[in-house]
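Please consult the sequence and structure shown below while reading.

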Amino acid sequence: MPDRSIAPVIVDAVDFNPKLQPCEKWTLKNGVEVYSVNAGAEELMSLELVFYAGNWFEEKNLVAATTNFLLKNGTRQRNAFQINEHFEYYGAHLSRACYNETSTLSLHTLTKHVRELLPVVRELVTDAQMPEEELSIYQQNMKQRLKVNLRKADFVAGRLIDVYLFGEEHPYGRYTRDEDFDTLNREELLQFYRRYYQQGRFIIFAAGKLPSDLEALLNEYFGDLPTQPVTLPTHALQPATEKKYRISNDPDGVQGSIRIAREFPNRHHPDFIRVQTLNSLFGGFFGSRLMSNIREDKGYTYGIHSYLLNHIHDSAWMISTEAGKEVCEATIAEVYKEMKELREVAVDDEELSLVKNFMIGSILGDLDGPFQIIGRWKNLILNGLDDQYFYKSIETIKSITPQELQELANRYLVEKDFYELVVV
Amino acid sequence: MIQFDRFTLSNGLRVIVHQDTSTPMAVMNVMYDVGARDEDPDRTGFAHLFEHLMFGGSVNIPDYDEPLQMAGGENNAYTTNDLTNYYITLPSENLETAFWLESDRMLSLAFDEKSLEVQRKVVCEEFKEHYLNKPYGDVWHTLRSVAYKEHPYRWMTIGEKLAHIEDAKLEDVKAFFFKHYRPQNAVLVVAGNVTTEQVKTLTEKWFGDIPAGDKYERHLPQEPEQTEARKKEMHAAVPVDAFYKCWHMASRLDKRYYIADLLTDILGGGASSRLYQSLVKEQRLFSNIECFHFGSTDAGLACISGKLVKGVTMEQAEKAVEAELEKMKTATVSDTELQKVKNKTESMIAFEDMSVMSRAGSLAYYEILGDAALMNQELDRYAAVTAADILQESRILFRPENSSTLYYYAKQ
């Protein structure tokens, strides 16, 4: 019978050296960059086209998102149904998404079918028609969806905190109103499409068990597309001056959506990497201070998390939770108490070692499979970084000291710098 | 084809080993054959609350999470109406930590009063977050209770009401543990960068001396065949009217399950599915519509749910849905349409099987269903479905007397 009171000997996770599998970089005939990771045991692959066509480039609210949405909704040769049927027939998944700086068209498929699918992906990039009828259905249905979302406290809180941090005019803070859908018209979508898709700038990311002639295939379907550089317009941050907000959204609400946030520099700032460890300790995982105190000791919430926003230009440090209506103020007080503790008392070695081990273990676990690996690469490349950043992050986790963390807490975890919002 | 080895300990614990050396990680998955369907009708939500308590310390280990995090591991768990699953990933060098933690909590929990008190509150907040503080959050509570009169699928995993969770006592927790959390009721899967020999040795060492306990015999009241159409109306402070309809379908291992699975996909599984194309795009009656099923082990439900476009009446919407169902009952689906949903299924399974954790979970699930090897037969079962099967199943499934309908009105 084993002695269960003694834990088995472990290899400290900080002694592991996670490796980011290198990614191949090459260019198509027209200069489009391709990044690929050929790995994995299954005959599956992903192919993602990332366009510089996010809402950062639009002059009117929703133009970027709507253009991206309607990419799949008709070309001269195929209507929306035929496009969807084509991908679904081959069991493939073609999705599109619009972000702040970029937007994507992303294909997941069994590798054996990729040849049947690429011609249609090309069609979407070169010949989308944005039919009036499709636009009208989109407007109608998205307005209904917005109505439903506006009944959710977490949705409303998410919009408002971004406005406080970045300003309503900034792409990171801009949000959608019902009437924004009404003023969309097909001509401006087509114009945006011509400039940022047909003749824009895009990067390709491919991962999985890739076909041996991938280079020829991508050149055949995307290597002749006209592409030109795009310049990112500048948008000034306009953070709110008022810091504290209490909003009533639903008279029958039983929980409050709490968001506490401050601005934070982007990944190129030296503190970004260092603060990741402080964030983990504070609210970044299940064993964090916030989770241990506010969920596991007080039971005020199902979950509480802190994180740095994944923005390219300007980030923010956010604390987010849904807590019982009657314990919202107590929850906020505990969050500030935890900040104060981190400012005043250096973390002990045992707790810090736990956080470090968790973080390294988590990076090891996240690198499971080609899609996760290309995901890491994509994030690095779109942020103008390379794998040195990955290794520096690991080195920082391993070497950061309690004193450095306390110093960072004194710099950043200062109550008066935070916006504070409760939506019930 | 997923390869695995299998053995059983003398206390009845079934163990499956799935090796994949392409990852530096190991996965440990412990699935207990207990879910919300095994609960007392006056104590619903208990299986799920119990899952939370499994993290409140075990007999020899006061804190479950800390040693795991120290070993670079992560874990989580979920409860369904049918089962409860716990899973860990960690660097394979530290695999023994997972054995130590999981075996100690299978041996016995700490049964700590404070942990119960806190987790009651946490689960109540989870209940509020997902079911009370969301528009349409009460739909499935209602629809389950309309469709099921006898079978315990009539309540949700989270529980029928907050009061059931608030009333949970420590003695209930103890009784539940010794009834359901015994080696005989569990399947252990170890996967990733591991060997069968290593797993055998570690399993014997850590799980071998846990008492077998009594075998739990499941005797659930079976749902009598429904003989008349059921209808219900609700009015709530939501912005848009919504339509829901569901039908009783076959249990998980029945051949008819696979037919119904493909059938729901034909109707509402994507942007080229019938309901979406006809009702959202062509007729513009719904702003969104889906058709899906619960994937339950016992006889489950196939459902259609959709939100109505403003100005459309519930009767118009229902009539249009019925017209699509009528087509399913009268005309055979084309080979292309059937092949499409089969291809989608093949692809979906392949993508799921990419992750070691997902493979480990599936092996445990099929072993609980009866045999882990079933996992490798799924594609053949789908491939065997014919257009004639779809036609016949549509006629059986979509009988009016087999249906429950919910009109969910936006309060004006």
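A salt bridge is a side-chain nitrogen of Lys or Arg within 4 Å of a carboxyl oxygen of Asp or Glu. Glu88(A) and Lys344(B) meet this rule through their side chains, at 3.8 Å from N to O. The model is predicted: local features need pLDDT of at least 70 and side-chain atom pairs count only at pLDDT 80 or more, whereas totals for chains, interfaces and linings use all residues. Residues are numbered from 1 along each chain as its sequence is written, chains are lettered from A in the order in which they are written, and side-chain values use heavy atoms, with hydrogens and water left out.

**Interface of chain A and chain B**

- Contact (heavy atoms within 4.5 Å) involves 72 residues of chain A and 73 residues of chain B.
- The buried area, meaning the accessible area (1.4 Å probe) that two parts lose on being put together, summed over both, is about 6,100 Å², and carbon and sulfur atoms give 58% of it.
- Polar contacts are pairs of N or O atoms within 3.5 Å; within protein, one must be able to donate a hydrogen and the other to accept it, and residues adjacent in sequence count only if both atoms are side-chain atoms.
- By this rule, 30 residue pairs, both at pLDDT 80 or more, are in polar contact across the interface.
- The side of chain A that touches chain B comprises 30 nonpolar, 21 polar and 21 charged residues; Ala, Val, Leu, Ile, Met, Phe, Trp, Tyr, Cys and Pro count as nonpolar, Asp, Glu, Lys and Arg as charged, and the others, Gly among them, as polar.

**Salt bridges**

- In the salt bridge of Asp209(B) with Arg4(A), the closest N and O atoms are 3.0 Å apart.
- Asp209(B) lies in the loop between helix H8 (196–207) and strand E7 (230–236) of chain B, and Arg4(A) in the segment before strand E1 (24–27) of chain A, so the pair joins two chains.

**Cavities**

- A cavity is a set of points, on a 1 Å grid over the protein atoms alone, where a 1.4 Å probe fits but cannot get out; lining residues have an atom within 4 Å of a point.
- The search finds three cavities of 30 Å³ or more.
- The lining of the largest cavity divides into seven nonpolar, three polar and one charged residues, including Phe111(B) and Asp112(B).
- The lining of the second largest cavity has one nonpolar, three polar and five charged residues, among them Lys152(A), Glu322(A) and Glu129(B).

Notes
1 Å grid on protein atoms, 1.4 Å probe; cavity = no way out; pocket = protein on both sides within 12 Å on 5 of 7 lines; lining within 4 Å. Points joined across faces, edges and corners; volume = space filled by probe spheres on them. Helix = DSSP H or I, 4+ residues; strand = E, 2+ residues; numbered from the N terminus.
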